[in-house]
Amino acid sequence: MAVGKNKRLMKSKKGSRKKAIDPFLKKEWYKLIAPTIFNKTECGKTIITKTQGQKIASDGLKGRIVEVSLADLQDNEEFAYRKIKLCVEDVQGFNCLLNFHGMDMTRDKVCSLIKKKQSIIEASVDCRTTDGYIVRMFCIAFTKKQEGQNKVTCYAKSAQSRAIRAKMVQHMSELGSKGDLKTLVKELIAKPIGEQIEKDANFIFPIKDCYIRKVKVLKKPKFDVTSLMEWHTSDAKADTGAAVKPEGEAEEVVAGSGGRY
């Protein structure tokens, strides 16, 4: 190609490069508000691009899943092995209202329980809560030696494993179907359900380290703001003060002070 024929090649490249703009200038932060059943409600922050045209920021936030340690939510290091999954249901101002989405155990906790020369017994069950949630729960337990046992191993027979599994399923289905999701989550956090299963299954074969390992929310009812706000309002009763003595009640009269006698 002859030099000077194609004038476009000779043009200078001034202004062709765009100035590098910090992408975080287009972002904004939102607070994550956990339900009031936990001791700590403000559990973190999330970031999203600001609303531009038809792309609304709140629509991008809804449906986000957040995984938080139960130790942080309850301010108690005893629950460090529990992980809680929360889902963004609604956005009010710069607050993201979260709802329960699932529960899990940390990998290091599960690995610390698994040992040689014992049987692992696992069970799962699907149950429907009274407010329309379908929840799947997983339970895990391990066999242990009987008192005064000299044998090194403590394996359970298949029939014994089936019987213990049936007890697990019974306990979990009763727990899931007797109330709404809020009461279920409260019991999963507070009550040691594994201990109750251990007591009931002890006559079949002695077991230890029984936990509700995992909880999944499979189906949710249609979104309702009032039911979500029930999760974010405290159950504590209002301070009504001390009871006042009724006026009509007879008062004690001191002798000689103008009384009846």
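Predicted model: local features only at pLDDT ≥ 70, side-chain atom pairs only at ≥ 80, totals over all residues.

Visitor: What makes Lys220 and Glu89 a salt bridge?

Guide: The term asks for a side-chain nitrogen of Lys or Arg within 4 Å of a carboxyl oxygen of Asp or Glu. The closest N and O atoms of Lys220 and Glu89 are 2.9 Å apart, so the pair qualifies. Lys220 sits in the loop between β8 (207-219) and α7 (225-231), and Glu89 in strand β4 (residues 82-92), 131 residues apart. Such strands (E, at least two residues) and helices (H or I, at least four) are DSSP runs, numbered from the N terminus. By the salt-bridge rule the count comes to four.

Visitor: Why is Glu89 called buried?

Guide: Buried means under 20% relative accessible area, exposed over 50%, and partly exposed in between (1.4 Å probe, protein chains only). Glu89 has 17% relative accessibility, so it counts as buried. Lys220 has 32%, so it counts as partly exposed.

Visitor: How do you know that Glu187 and Lys178 form a salt bridge?

Guide: Their closest N and O atoms are 3.3 Å apart, which is within the 4 Å limit. Glu187 is buried at 17% relative accessibility, whereas Lys178 is exposed at 56%.

Visitor: Which residues have the most contacts inside the largest nonpolar core?

Guide: They are Phe38, Phe100 and Met168, in a core of 51 residues. A nonpolar core is a set of buried Ala, Val, Leu, Ile, Met, Phe, Trp, Tyr and Cys residues joined through side-chain atoms within 4.5 Å. Apart from it lies another core, of five residues, among them Met105 and Tyr211.

Visitor: Why are the buried residues of α4 said to be on the same side?

Guide: The buried residues of α4 include Ser161, Met168 and Leu175. They cover an arc of only 125 degrees around the axis, so they lie on the same side of α4. The arc is that of the directions from the helix axis to the C-beta atoms. What covers these residues includes α5 (181-190) and α6 (193-201).

Conventions: Residues numbered from 1 in each chain as written. Heavy atoms only, no water. Contact = heavy atoms within 4.5 Å.
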